[in-house]
Amino acid sequence: MSARIPLDVDLEDKLMYGLTPTRLAYLVIALVAGLALWSSSWALAPVRGGVATSLIGVGVVAAWGRFRRRAVDEWAVDGVLFLLATHRLRWTGGRSWRRRLRRQQQLEPE
């Protein structure tokens, strides 16, 4: 008895317009956030329209955007991981800027 093994078992499902569930969520969240910004009254209509359109554009890029056959969110995660791996943050307790300010005041001629 012969059996055939499907080759596309490890691929993500496409729901709508060729988008996976994660990418569709990016688009829906961006659309809802853009609509919420547009319908609020925090600024004039042209400003709200520009910000809402920009936010929707970011969602569209996150949903469909690709660079060198990789999704934009994968590039973003890799960029954040690279920055975390190559840069070190150090907490000085807020004392270093005070010391520098005192030194600068002492060095200034009166």
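Me: Before we start, what does "partly exposed" mean here?
Reply: Residues under 20% relative accessible area are called buried and those over 50% exposed, and partly exposed is the range in between. One thing to keep in mind is that this is a predicted model.

Me: Okay, so where does Arg70 fall, and why?
Reply: Arg70 has a relative accessible area of 28%, so it counts as partly exposed.

Me: Which residues does Arg70 form a network with?
Reply: Salt bridges link Arg70 with Glu74 and Asp78 in a network. The N to O distance is 3.4 Å for Arg70 and Glu74, and it is 2.4 Å for Asp78 and Arg70.

Me: And how accessible are Glu74 and Asp78?
Reply: Glu74 is partly exposed because its relative accessibility is 35%. Asp78 is partly exposed too, with a relative accessible area of 34%.

Me: How many salt bridges does the structure hold?
Reply: There are 3. One of them joins the side chains of Asp73 and Arg23, at 3.1 Å from N to O. That pair links distant parts of the chain, with Asp73 in helix 3 (residues 72–86) and Arg23 in helix 1, 50 residues apart.

Me: Are Asp73 and Arg23 buried or exposed?
Reply: Both Asp73 and Arg23 are buried.

Me: New topic! Where is Leu55, and what does it touch?
Reply: You'll find Leu55 in helix 2 (residues 45–64). Leaving aside residues up to four places away in sequence, Leu55 touches Ala30, Ala33, Gly34 and Leu37.

Me: How far apart are Leu55 and Ala30?
Reply: Along the chain they are 25 residues apart, while their C-alpha atoms are separated by 6.2 Å. Leu55 itself is partly exposed, since its relative accessible area is 29%.

Me: Let's look at the surface. Which residues make the nonpolar patch?
Reply: That patch is formed by Leu15, Met16, Tyr17, Val60 and Trp64, and together they have about 550 Å² of accessible area. Tyr17 sits in the segment before helix 1 (21–39).

Me: Why does Tyr17 count as exposed?
Reply: Its relative accessibility is 66%, and exposed means over 50%.

Me: Last one: which residues form the positive patch?
Reply: Arg98, Arg99, Arg100, Arg102 and Arg103 form that surface patch. Arg98 belongs to helix 4 (residues 96–107), and with 41% relative accessibility Arg98 is partly exposed.

Methods. Residues numbered from 1 in each chain as written. Predicted model: local features only at pLDDT ≥ 70, side-chain atom pairs only at ≥ 80, totals over all residues. Heavy atoms only, no water. Patch = residues over 30% accessible without salt bridge, like charges linked within 9 Å, V, L, I, M, F, W, Y side chains within 5 Å. Areas by Shrake-Rupley, 256 points an atom, 1.4 Å probe, with all protein chains shown as cover. Salt bridge = Lys/Arg side-chain N within 4 Å of Asp/Glu carboxyl O. Lys, Arg positive; Asp, Glu negative; His and termini not counted. Charge placed at Lys NZ, Arg CZ, Asp CG, Glu CD. Helix = DSSP H or I, 4+ residues; strand = E, 2+ residues; numbered from the N terminus. Buried < 20%, exposed > 50% of the residue type's maximum accessible area, 1.4 Å probe, protein only. Contact = heavy atoms within 4.5 Å.
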